[in-house]
Amino acid sequence: MNKIIPILCIIVAAIGMATADVGLVTIVLSMRVSALKLIAIPVAIIGTVISTLSVAVTALFLRDKLCKIAFFINLASLLVSIVSIIIWFVAL
């Protein structure tokens with residue numbers, strides 16, 4: 001029962017990182033294929049929201065080792081999401 005929150009933090013961090021990566025890839029691909037803009041923009045925004053919320057929640061549980069790992073994964077996914085939104089604003 002002690003490890004439920006850290007495991008959930010790791011799972012949410014993995015989901016956030018996957019969403020941020022998919023957002024970045026679809027934003028880059030939408031520069032060539034304009035039909036992907038309908039998918040790329042919401043995915044990038046959803047990745048940013050998930051990453052931001054999970055950074056805030058995971059910061060509450062930094063005493064645990066798994067939560068620290070999840071925190072840094074969430075920070076990395078937040079940076080990837082911010083980069084994808086910057087690319088969206090500049091290139092599209």
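I first located Leu36, which lies in the loop between helix H1 (4-29) and helix H2 (37-58); helices are DSSP runs of H or I of at least four residues, numbered from the N terminus. I note that this is a predicted model, in which local features need pLDDT of at least 70, side-chain atom pairs count only at pLDDT 80 or more, and totals for chains, interfaces and linings use all residues. Residues are numbered from 1 along each chain as its sequence is written, and side-chain values use heavy atoms, without hydrogens and water.

I looked up the surroundings of Leu36. Leu36 is partly exposed at 23% relative accessibility (buried is under 20% relative accessible area, exposed over 50%, partly exposed in between; 1.4 Å probe, protein chains only). Setting aside residues up to four places away in sequence, I find Leu36 in contact with Thr26, Leu29 and Ser30 (heavy atoms within 4.5 Å). The C-alpha atoms of Leu36 and Thr26 are 6.8 Å apart, at a separation of ten residues along the chain.

I then searched for disulfides (cysteine sulfur pairs within 2.5 Å) and counted zero. For Cys9, the nearest cysteine sulfur is that of Cys67, 3.9 Å away. Cys9 is buried at 9% relative accessible area, and Cys67 is buried at 1%.

Finally, I checked aromatic rings and counted two pairs (ring centres of Phe, Tyr and Trp, its six-membered ring, within 6.5 Å; planes under 30 degrees apart are stacked, over 60 edge-to-face, the rest tilted). Phe71 and Phe72 are edge-to-face, with centres 5.6 Å apart and planes at 70°. Phe71 is buried at 15%, whereas Phe72 is exposed at 56%. Trp88 and Phe89 are stacked, with centres 4.7 Å apart and planes at 20°; Phe89 is exposed at 61%.

Key: Helix = DSSP H or I, 4+ residues; strand = E, 2+ residues; numbered from the N terminus.
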